[in-house]
Amino acid sequence: MSENSIQSDQKFLMKGTLYSVLGTILKILAPVFTVVIARVFGKELFGIYVSTQLLVLTLCRVSVFGLDYGLHRYLPQNKVCGRPAYEGIMESLHVALFVGLLMSVVIWLGSYFGLQRFFTGLSMLSSIEISLYALSIVPYTMQLLFGGASEGNRHPQYKIFINDFAISSLAPMIALVLHFANVNDNIALPLGLFIANMLGAGVYVFLIRFQFPDIKWFIRKKIPEELLKFSLPIGFSEVVGAFLLRVDLWMVLAMIGPEAAGIYAVMVTISNGLKVIRRSYQPILTPVVAGMSRDRLETDLKPVFSYCVSMVTLIQLGIGFFIVLFPEQTMMIAGKSFVSKENPAMVLGILMIGNLINGLFGLTGSVINGLGKSSFLFVMNVVSLFVAVALNWLLIPLFGIAGAALSSMLYQIMQCVWMNIYLKKMGYWPYKKYLWVQGLWIVSLMILYAAINTVWNIGLVEKGVIYVVVLLLILFTFWKQGFSKQKYSRKKK
(Lines give C-alpha, C1' and ligand atoms only; values in the text may rest on other atoms or scores of the structure.)
Protein backbone atom coordinates (compact mmCIF):
# COMPACT_ATOMS: atom_id res chain seq x y z
CA MET A 1 0.00 0.00 0.00
CA SER A 2 1.35 3.45 -0.91
CA GLU A 3 2.28 5.61 2.07
CA ASN A 4 0.33 8.50 0.54
CA SER A 5 -3.04 6.80 0.11
CA ILE A 6 -6.59 7.28 1.27
CA GLN A 7 -6.29 4.19 3.49
CA SER A 8 -3.21 5.52 5.33
CA ASP A 9 -4.89 8.92 5.65
CA GLN A 10 -7.98 7.34 7.18
CA LYS A 11 -5.91 5.40 9.72
CA PHE A 12 -4.04 8.56 10.68
CA LEU A 13 -7.27 10.57 11.03
CA MET A 14 -8.84 7.92 13.24
CA LYS A 15 -5.75 7.97 15.46
CA GLY A 16 -5.88 11.76 15.35
CA THR A 17 -9.44 11.66 16.66
CA LEU A 18 -8.36 9.60 19.66
CA TYR A 19 -5.39 11.92 20.26
CA SER A 20 -7.70 14.94 20.01
CA VAL A 21 -10.10 13.59 22.64
CA LEU A 22 -7.21 12.57 24.91
CA GLY A 23 -5.52 15.93 24.43
CA THR A 24 -8.69 17.76 25.43
CA ILE A 25 -8.89 15.72 28.63
CA LEU A 26 -5.21 16.38 29.42
CA LYS A 27 -5.65 20.12 28.85
CA ILE A 28 -8.41 20.08 31.46
CA LEU A 29 -6.26 18.12 33.94
CA ALA A 30 -3.05 20.14 33.55
CA PRO A 31 -4.29 23.34 35.30
CA VAL A 32 -5.01 21.34 38.46
CA PHE A 33 -1.29 21.37 39.34
CA THR A 34 -1.14 25.12 38.72
CA VAL A 35 -3.99 25.69 41.18
CA VAL A 36 -1.97 23.86 43.85
CA ILE A 37 0.98 26.25 43.56
CA ALA A 38 -1.44 29.18 43.92
CA ARG A 39 -2.32 27.84 47.37
CA VAL A 40 1.28 27.12 48.38
CA PHE A 41 3.07 30.20 47.03
CA GLY A 42 0.34 32.80 47.60
CA LYS A 43 -1.64 35.06 45.30
CA GLU A 44 1.07 37.66 44.70
CA LEU A 45 3.85 35.29 43.63
CA PHE A 46 1.37 33.14 41.70
CA GLY A 47 0.10 36.19 39.77
CA ILE A 48 3.64 37.19 38.83
CA TYR A 49 4.48 33.59 37.85
CA VAL A 50 1.46 33.24 35.54
CA SER A 51 1.94 36.68 33.96
CA THR A 52 5.68 36.17 33.40
CA GLN A 53 5.13 32.66 32.07
CA LEU A 54 2.63 34.02 29.52
CA LEU A 55 5.19 36.66 28.53
CA VAL A 56 7.78 33.93 27.95
CA LEU A 57 5.33 31.93 25.83
CA THR A 58 4.46 35.03 23.79
CA LEU A 59 8.14 35.80 23.15
CA CYS A 60 8.68 32.21 22.04
CA ARG A 61 5.75 32.50 19.66
CA VAL A 62 7.36 35.64 18.20
CA SER A 63 10.74 33.90 17.85
CA VAL A 64 9.28 31.03 15.78
CA PHE A 65 6.83 33.34 13.99
CA GLY A 66 4.79 30.74 12.22
CA LEU A 67 7.61 28.39 11.20
CA ASP A 68 6.24 25.58 13.40
CA TYR A 69 2.89 25.85 11.59
CA GLY A 70 4.72 26.17 8.28
CA LEU A 71 6.28 22.75 8.87
CA HIS A 72 2.76 21.28 8.96
CA ARG A 73 2.67 21.81 5.21
CA TYR A 74 6.34 21.82 4.22
CA LEU A 75 7.31 18.40 5.61
CA PRO A 76 4.51 16.49 3.80
CA GLN A 77 5.48 18.40 0.65
CA ASN A 78 9.04 17.10 1.04
CA LYS A 79 7.73 13.63 0.21
CA VAL A 80 5.61 14.88 -2.69
CA CYS A 81 8.50 16.88 -4.18
CA GLY A 82 11.22 14.29 -3.54
CA ARG A 83 13.19 16.41 -1.04
CA PRO A 84 14.87 15.02 2.10
CA ALA A 85 12.16 14.27 4.66
CA TYR A 86 13.77 16.54 7.28
CA GLU A 87 14.42 19.58 5.06
CA GLY A 88 13.31 22.81 6.73
CA ILE A 89 13.51 21.66 10.37
CA MET A 90 17.05 22.60 11.33
CA GLU A 91 17.09 25.68 9.11
CA SER A 92 14.02 26.96 11.00
CA LEU A 93 15.36 25.92 14.40
CA HIS A 94 18.66 27.78 14.01
CA VAL A 95 16.91 31.05 13.15
CA ALA A 96 14.31 30.67 15.91
CA LEU A 97 16.96 29.85 18.53
CA PHE A 98 19.03 32.87 17.47
CA VAL A 99 16.03 35.18 17.86
CA GLY A 100 15.04 33.54 21.15
CA LEU A 101 18.58 33.84 22.53
CA LEU A 102 18.71 37.48 21.44
CA MET A 103 15.48 38.16 23.36
CA SER A 104 16.93 36.43 26.43
CA VAL A 105 20.11 38.55 26.29
CA VAL A 106 18.04 41.76 26.05
CA ILE A 107 16.03 40.69 29.11
CA TRP A 108 19.19 39.77 31.02
CA LEU A 109 20.77 43.14 30.26
CA GLY A 110 17.57 44.96 31.20
CA SER A 111 17.34 43.15 34.52
CA TYR A 112 21.04 43.81 35.21
CA PHE A 113 20.39 47.54 34.96
CA GLY A 114 17.23 47.19 37.09
CA LEU A 115 14.72 48.15 34.39
CA GLN A 116 12.09 45.90 36.03
CA ARG A 117 11.47 48.66 38.56
CA PHE A 118 9.51 50.52 35.89
CA PHE A 119 6.95 47.66 35.74
CA THR A 120 4.71 47.37 38.78
CA GLY A 121 4.14 43.62 38.46
CA LEU A 122 7.87 42.83 38.09
CA SER A 123 9.37 45.37 40.50
CA MET A 124 9.57 42.82 43.33
CA LEU A 125 11.68 40.40 41.23
CA SER A 126 15.46 40.49 41.36
CA SER A 127 17.80 40.35 38.39
CA ILE A 128 18.46 36.64 39.04
CA GLU A 129 14.76 35.77 39.14
CA ILE A 130 13.98 37.57 35.88
CA SER A 131 17.03 35.99 34.24
CA LEU A 132 15.75 32.55 35.26
CA TYR A 133 12.42 33.23 33.58
CA ALA A 134 14.26 34.39 30.45
CA LEU A 135 16.27 31.14 30.36
CA SER A 136 13.07 29.25 29.45
CA ILE A 137 12.73 31.09 26.13
CA VAL A 138 15.35 29.00 24.32
CA PRO A 139 14.19 25.47 25.33
CA TYR A 140 10.52 26.33 24.83
CA THR A 141 11.32 27.69 21.36
CA MET A 142 12.86 24.30 20.59
CA GLN A 143 9.68 22.60 21.77
CA LEU A 144 7.49 24.74 19.52
CA LEU A 145 9.61 23.99 16.43
CA PHE A 146 9.99 20.28 17.13
CA GLY A 147 6.30 20.01 18.05
CA GLY A 148 5.35 21.57 14.71
CA ALA A 149 7.77 19.24 12.90
CA SER A 150 6.25 16.21 14.65
CA GLU A 151 2.75 17.30 13.65
CA GLY A 152 3.91 17.79 10.07
CA ASN A 153 5.33 14.27 10.21
CA ARG A 154 1.95 12.91 11.41
CA HIS A 155 2.90 12.48 15.06
CA PRO A 156 0.61 14.98 16.83
CA GLN A 157 0.69 12.90 20.03
CA TYR A 158 4.17 14.19 20.88
CA LYS A 159 3.03 17.80 21.08
CA ILE A 160 -0.13 16.82 22.96
CA PHE A 161 1.78 14.95 25.65
CA ILE A 162 4.84 17.22 25.92
CA ASN A 163 3.76 20.80 25.10
CA ASP A 164 0.12 20.67 26.16
CA PHE A 165 0.37 18.49 29.26
CA ALA A 166 3.78 17.44 30.51
CA ILE A 167 5.43 20.87 30.67
CA SER A 168 2.42 22.66 32.17
CA SER A 169 2.24 19.89 34.80
CA LEU A 170 5.95 19.36 35.45
CA ALA A 171 6.81 23.04 35.98
CA PRO A 172 4.55 23.50 39.06
CA MET A 173 5.42 20.03 40.36
CA ILE A 174 9.17 20.76 40.24
CA ALA A 175 8.54 24.16 41.83
CA LEU A 176 6.69 22.44 44.70
CA VAL A 177 9.57 19.99 45.20
CA LEU A 178 12.01 22.92 45.34
CA HIS A 179 9.71 24.73 47.77
CA PHE A 180 9.67 21.80 50.18
CA ALA A 181 13.44 21.49 49.73
CA ASN A 182 13.65 25.00 51.26
CA VAL A 183 14.61 26.74 48.01
CA ASN A 184 13.53 30.41 48.02
CA ASP A 185 10.01 30.65 46.55
CA ASN A 186 11.02 33.49 44.22
CA ILE A 187 13.68 31.17 42.76
CA ALA A 188 11.68 27.92 42.88
CA LEU A 189 8.97 29.04 40.44
CA PRO A 190 11.16 30.24 37.53
CA LEU A 191 13.67 27.43 38.14
CA GLY A 192 10.88 24.84 38.00
CA LEU A 193 9.71 26.35 34.70
CA PHE A 194 13.24 26.26 33.25
CA ILE A 195 13.95 22.66 34.34
CA ALA A 196 10.60 21.47 32.92
CA ASN A 197 11.30 23.16 29.58
CA MET A 198 14.81 21.73 29.42
CA LEU A 199 13.43 18.24 30.03
CA GLY A 200 10.83 18.74 27.28
CA ALA A 201 13.47 19.97 24.82
CA GLY A 202 15.70 17.01 25.69
CA VAL A 203 12.91 14.51 25.01
CA TYR A 204 12.21 16.21 21.67
CA VAL A 205 15.85 15.84 20.59
CA PHE A 206 15.48 12.09 21.00
CA LEU A 207 12.08 12.03 19.25
CA ILE A 208 13.29 14.07 16.27
CA ARG A 209 16.26 11.74 15.87
CA PHE A 210 13.83 8.80 16.02
CA GLN A 211 11.54 10.31 13.36
CA PHE A 212 14.34 11.52 11.06
CA PRO A 213 17.36 9.20 11.49
CA ASP A 214 19.32 10.94 8.72
CA ILE A 215 18.71 14.52 9.91
CA LYS A 216 21.72 16.83 9.92
CA TRP A 217 21.83 18.93 13.07
CA PHE A 218 24.50 21.43 12.06
CA ILE A 219 23.94 22.93 8.62
CA ARG A 220 24.62 26.26 6.95
CA LYS A 221 21.49 26.59 4.88
CA LYS A 222 18.92 29.35 4.84
CA ILE A 223 15.26 28.65 5.52
CA PRO A 224 13.75 27.44 2.21
CA GLU A 225 12.00 30.34 0.50
CA GLU A 226 8.77 28.37 0.05
CA LEU A 227 8.64 27.57 3.79
CA LEU A 228 9.37 31.17 4.77
CA LYS A 229 6.76 32.66 2.44
CA PHE A 230 4.15 30.25 3.77
CA SER A 231 5.06 30.66 7.46
CA LEU A 232 5.30 34.44 7.80
CA PRO A 233 1.60 35.11 6.99
CA ILE A 234 0.68 32.42 9.54
CA GLY A 235 2.87 34.12 12.14
CA PHE A 236 1.20 37.48 11.51
CA SER A 237 -2.18 35.77 11.41
CA GLU A 238 -1.55 34.17 14.83
CA VAL A 239 -0.85 37.60 16.32
CA VAL A 240 -3.99 39.09 14.76
CA GLY A 241 -5.98 35.99 15.75
CA ALA A 242 -4.95 36.43 19.38
CA PHE A 243 -6.51 39.90 19.36
CA LEU A 244 -9.55 38.59 17.49
CA LEU A 245 -10.21 35.94 20.15
CA ARG A 246 -10.18 38.52 22.94
CA VAL A 247 -11.61 41.67 21.36
CA ASP A 248 -15.20 41.02 22.52
CA LEU A 249 -14.06 40.53 26.14
CA TRP A 250 -11.88 43.63 26.08
CA MET A 251 -14.70 45.75 24.64
CA VAL A 252 -17.15 44.44 27.27
CA LEU A 253 -14.62 45.51 29.90
CA ALA A 254 -14.24 48.97 28.34
CA MET A 255 -17.92 49.62 27.59
CA ILE A 256 -19.78 47.92 30.47
CA GLY A 257 -17.26 47.32 33.23
CA PRO A 258 -15.18 44.68 35.01
CA GLU A 259 -18.13 42.85 36.62
CA ALA A 260 -19.83 42.16 33.29
CA ALA A 261 -16.43 41.28 31.77
CA GLY A 262 -15.87 38.71 34.53
CA ILE A 263 -19.23 37.05 33.88
CA TYR A 264 -18.69 37.10 30.11
CA ALA A 265 -15.17 35.69 30.52
CA VAL A 266 -16.54 32.62 32.28
CA MET A 267 -19.14 32.08 29.54
CA VAL A 268 -16.50 32.44 26.81
CA THR A 269 -14.21 30.00 28.62
CA ILE A 270 -16.99 27.41 28.85
CA SER A 271 -18.16 27.80 25.25
CA ASN A 272 -14.59 27.74 23.96
CA GLY A 273 -14.49 24.08 24.93
CA LEU A 274 -16.19 23.57 21.55
CA LYS A 275 -13.61 25.72 19.75
CA VAL A 276 -10.75 23.68 21.21
CA ILE A 277 -12.15 20.57 19.47
CA ARG A 278 -12.00 22.21 16.04
CA ARG A 279 -8.57 23.76 16.62
CA SER A 280 -7.16 20.40 17.72
CA TYR A 281 -7.91 19.03 14.24
CA GLN A 282 -5.94 21.73 12.41
CA PRO A 283 -2.51 20.08 12.87
CA ILE A 284 -4.09 16.74 11.95
CA LEU A 285 -5.83 17.80 8.73
CA THR A 286 -3.26 20.26 7.32
CA PRO A 287 -0.39 17.73 6.90
CA VAL A 288 -2.78 15.24 5.25
CA VAL A 289 -3.92 17.81 2.68
CA ALA A 290 -0.36 19.07 2.14
CA GLY A 291 0.78 15.51 1.39
CA MET A 292 -1.75 15.05 -1.42
CA SER A 293 -0.80 15.37 -5.06
CA ARG A 294 -3.16 17.20 -7.40
CA ASP A 295 -4.71 13.92 -8.53
CA ARG A 296 -5.32 12.83 -4.94
CA LEU A 297 -6.87 16.20 -4.10
CA GLU A 298 -9.51 15.49 -6.74
CA THR A 299 -10.38 12.05 -5.35
CA ASP A 300 -9.37 11.90 -1.67
CA LEU A 301 -9.87 15.41 -0.25
CA LYS A 302 -13.62 15.05 0.10
CA PRO A 303 -13.73 11.83 2.21
CA VAL A 304 -10.77 12.90 4.38
CA PHE A 305 -12.18 16.37 5.06
CA SER A 306 -15.70 15.09 5.65
CA TYR A 307 -14.44 12.57 8.17
CA CYS A 308 -12.77 15.35 10.18
CA VAL A 309 -15.87 17.54 10.04
CA SER A 310 -18.01 14.61 11.16
CA MET A 311 -15.79 13.92 14.18
CA VAL A 312 -15.45 17.58 15.18
CA THR A 313 -19.15 18.39 15.03
CA LEU A 314 -20.30 15.24 16.82
CA ILE A 315 -17.86 15.76 19.69
CA GLN A 316 -18.95 19.39 19.86
CA LEU A 317 -22.62 18.39 19.87
CA GLY A 318 -22.07 16.12 22.87
CA ILE A 319 -20.76 19.15 24.79
CA GLY A 320 -23.24 21.58 23.23
CA PHE A 321 -26.39 19.69 24.23
CA PHE A 322 -25.15 19.55 27.82
CA ILE A 323 -24.66 23.35 27.87
CA VAL A 324 -28.12 23.94 26.38
CA LEU A 325 -29.87 21.62 28.81
CA PHE A 326 -27.89 22.58 31.91
CA PRO A 327 -26.69 26.20 31.52
CA GLU A 328 -27.13 27.18 35.18
CA GLN A 329 -25.38 24.04 36.38
CA THR A 330 -22.55 24.70 33.94
CA MET A 331 -22.14 28.26 35.18
CA MET A 332 -22.10 27.06 38.78
CA ILE A 333 -18.48 26.05 38.10
CA ALA A 334 -17.68 29.72 38.65
CA GLY A 335 -20.07 30.24 41.60
CA LYS A 336 -23.64 31.27 42.32
CA SER A 337 -23.04 34.97 41.64
CA PHE A 338 -22.41 34.25 37.95
CA VAL A 339 -25.82 32.63 37.67
CA SER A 340 -27.81 35.25 39.50
CA LYS A 341 -26.44 38.39 37.83
CA GLU A 342 -26.93 37.29 34.21
CA ASN A 343 -29.10 34.74 32.43
CA PRO A 344 -26.45 32.31 31.16
CA ALA A 345 -28.75 30.45 28.78
CA MET A 346 -28.96 33.15 26.13
CA VAL A 347 -25.29 34.16 26.06
CA LEU A 348 -23.97 30.62 26.32
CA GLY A 349 -26.37 29.48 23.62
CA ILE A 350 -25.27 32.19 21.18
CA LEU A 351 -21.57 31.54 21.77
CA MET A 352 -22.09 27.81 21.46
CA ILE A 353 -24.07 28.02 18.21
CA GLY A 354 -21.33 30.21 16.70
CA ASN A 355 -18.71 27.61 17.59
CA LEU A 356 -20.87 24.77 16.21
CA ILE A 357 -21.27 26.55 12.87
CA ASN A 358 -17.53 27.15 12.86
CA GLY A 359 -16.95 23.46 13.58
CA LEU A 360 -19.08 22.44 10.60
CA PHE A 361 -17.73 24.94 8.06
CA GLY A 362 -14.52 26.38 9.55
CA LEU A 363 -12.16 23.45 8.95
CA THR A 364 -11.82 24.72 5.38
CA GLY A 365 -9.13 27.01 6.85
CA SER A 366 -6.94 23.95 7.44
CA VAL A 367 -7.48 22.88 3.82
CA ILE A 368 -6.54 26.35 2.59
CA ASN A 369 -3.37 26.20 4.69
CA GLY A 370 -2.63 22.71 3.38
CA LEU A 371 -2.90 24.08 -0.16
CA GLY A 372 -0.29 26.73 0.69
CA LYS A 373 -2.61 29.79 0.71
CA SER A 374 -1.71 31.09 4.19
CA SER A 375 -1.71 34.74 3.05
CA PHE A 376 -5.47 34.52 2.40
CA LEU A 377 -6.12 33.57 6.03
CA PHE A 378 -4.01 36.48 7.25
CA VAL A 379 -6.02 38.95 5.17
CA MET A 380 -9.26 37.35 6.35
CA ASN A 381 -8.25 37.64 10.02
CA VAL A 382 -7.32 41.30 9.62
CA VAL A 383 -10.68 42.09 8.00
CA SER A 384 -12.47 39.98 10.64
CA LEU A 385 -10.81 41.97 13.42
CA PHE A 386 -12.17 45.24 12.03
CA VAL A 387 -15.62 43.68 11.55
CA ALA A 388 -15.58 42.29 15.12
CA VAL A 389 -14.68 45.69 16.59
CA ALA A 390 -17.47 47.39 14.60
CA LEU A 391 -20.06 44.76 15.57
CA ASN A 392 -19.12 44.94 19.24
CA TRP A 393 -19.28 48.74 19.13
CA LEU A 394 -22.82 48.55 17.76
CA LEU A 395 -24.26 45.56 19.64
CA ILE A 396 -22.81 45.81 23.17
CA PRO A 397 -24.63 49.09 23.98
CA LEU A 398 -27.89 47.55 22.69
CA PHE A 399 -27.76 44.05 24.17
CA GLY A 400 -24.96 44.03 26.76
CA ILE A 401 -22.84 40.87 26.90
CA ALA A 402 -25.37 39.15 24.62
CA GLY A 403 -24.32 41.71 21.98
CA ALA A 404 -20.70 40.64 22.39
CA ALA A 405 -21.76 37.01 21.93
CA LEU A 406 -23.73 37.96 18.80
CA SER A 407 -20.73 39.76 17.32
CA SER A 408 -18.57 36.68 17.98
CA MET A 409 -21.08 34.43 16.22
CA LEU A 410 -21.55 36.80 13.26
CA TYR A 411 -17.86 37.25 12.45
CA GLN A 412 -17.35 33.47 12.64
CA ILE A 413 -20.21 32.98 10.16
CA MET A 414 -18.63 35.62 7.90
CA GLN A 415 -15.31 33.76 8.02
CA CYS A 416 -16.93 30.43 7.21
CA VAL A 417 -18.79 31.85 4.20
CA TRP A 418 -15.66 33.62 2.95
CA MET A 419 -13.40 30.55 3.28
CA ASN A 420 -15.87 28.25 1.55
CA ILE A 421 -16.37 30.67 -1.35
CA TYR A 422 -12.58 30.95 -1.71
CA LEU A 423 -12.15 27.18 -1.68
CA LYS A 424 -14.97 26.76 -4.19
CA LYS A 425 -13.28 29.26 -6.53
CA MET A 426 -10.12 27.15 -6.29
CA GLY A 427 -12.20 24.25 -7.62
CA TYR A 428 -12.77 22.29 -4.40
CA TRP A 429 -15.98 21.51 -2.53
CA PRO A 430 -14.88 19.02 0.15
CA TYR A 431 -18.23 18.19 1.77
CA LYS A 432 -19.75 14.72 1.35
CA LYS A 433 -23.53 14.44 1.22
CA TYR A 434 -23.85 12.57 4.52
CA LEU A 435 -22.81 15.73 6.41
CA TRP A 436 -26.40 16.95 6.08
CA VAL A 437 -26.91 14.89 9.26
CA GLN A 438 -24.54 17.26 11.10
CA GLY A 439 -26.55 20.21 9.84
CA LEU A 440 -29.74 18.56 11.05
CA TRP A 441 -28.19 17.98 14.48
CA ILE A 442 -27.22 21.66 14.78
CA VAL A 443 -30.72 22.79 13.74
CA SER A 444 -32.21 20.38 16.31
CA LEU A 445 -29.99 21.83 19.01
CA MET A 446 -31.06 25.38 18.08
CA ILE A 447 -34.74 24.39 18.21
CA LEU A 448 -34.25 22.75 21.62
CA TYR A 449 -32.38 25.83 22.84
CA ALA A 450 -35.21 28.14 21.69
CA ALA A 451 -37.93 25.90 23.14
CA ILE A 452 -36.33 25.54 26.57
CA ASN A 453 -35.82 29.29 26.86
CA THR A 454 -39.34 30.29 25.66
CA VAL A 455 -42.24 27.85 25.96
CA TRP A 456 -40.94 24.55 27.33
CA ASN A 457 -40.33 24.43 31.07
CA ILE A 458 -38.92 21.03 32.11
CA GLY A 459 -37.19 19.76 35.22
CA LEU A 460 -33.70 18.36 35.74
CA VAL A 461 -34.83 14.74 35.55
CA GLU A 462 -36.49 15.24 32.16
CA LYS A 463 -33.43 17.13 30.93
CA GLY A 464 -31.23 14.26 32.06
CA VAL A 465 -33.35 11.73 30.15
CA ILE A 466 -33.25 13.91 27.03
CA TYR A 467 -29.47 14.24 27.26
CA VAL A 468 -28.93 10.48 27.62
CA VAL A 469 -31.13 9.80 24.57
CA VAL A 470 -29.39 12.50 22.54
CA LEU A 471 -25.97 11.20 23.56
CA LEU A 472 -26.84 7.67 22.46
CA LEU A 473 -28.06 8.97 19.09
CA ILE A 474 -24.86 11.04 18.68
CA LEU A 475 -22.77 7.95 19.46
CA PHE A 476 -24.76 5.98 16.87
CA THR A 477 -24.10 8.70 14.27
CA PHE A 478 -20.43 8.74 15.34
CA TRP A 479 -20.18 5.00 14.72
CA LYS A 480 -21.96 5.13 11.35
CA GLN A 481 -19.93 8.05 10.02
CA GLY A 482 -16.61 7.47 11.72
CA PHE A 483 -15.98 3.74 11.70
CA SER A 484 -18.15 2.35 8.89
CA LYS A 485 -15.83 1.51 5.99
CA GLN A 486 -18.80 1.70 3.63
CA LYS A 487 -18.71 5.47 3.82
CA TYR A 488 -15.32 5.48 2.14
CA SER A 489 -15.98 2.79 -0.43
CA ARG A 490 -19.06 4.36 -1.92
CA LYS A 491 -18.92 6.75 -4.81
CA LYS A 492 -17.22 9.97 -3.94
CA LYS A 493 -19.78 12.43 -5.17
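Mentor: Let us begin with length: at 1.5 Å a residue, the 16 residues of α7 should span 22 Å, and the end C-alpha atoms of α7 are 23 Å apart, which agrees; the expected span is 1.5 Å times one less than the number of residues. Helices here are DSSP runs (H or I, at least four residues), numbered from the N terminus. This is a predicted model, in which local features need pLDDT of at least 70, side-chain atom pairs count only at pLDDT 80 or more, and totals for chains, interfaces and linings use all residues. Residues are numbered from 1 along each chain as its sequence is written, and side-chain values use heavy atoms, with hydrogens and water left out.

Trainee: How many residues of α7 are buried?

Mentor: Buried means under 20% relative accessible area (1.4 Å probe, protein chains only). In α7, 15 of the 16 residues are buried, so this helix is largely enclosed by the rest of the structure.

Trainee: At what angle do the axes of α5 and α7 cross?

Mentor: Two packed helices are described by the angle between their axes and the distance between the axes. The axes of α5 (residues 89-112) and α7 (residues 137-152) come within 8 Å and cross at roughly 155°; the two helices are therefore roughly antiparallel (angles over 145 degrees).

Trainee: Which residues of α7 meet α5?

Mentor: With contact meaning heavy atoms within 4.5 Å, I137, V138, T141, M142, L145, F146 and A149 in α7 meet residues of α5 including L93, L97 and L101. The residues of this contact divide into 14 nonpolar, 4 polar and no charged.

Notes:
Axes fitted to C-alpha atoms, helices over the stretch in contact; angles between N-to-C directions. Parallel < 35°, antiparallel > 145°, perpendicular 65-115°, else oblique. Nonpolar A, V, L, I, M, F, W, Y, C, P; charged D, E, K, R; others polar. Buried < 20%, exposed > 50% of the residue type's maximum accessible area, 1.4 Å probe, protein only.
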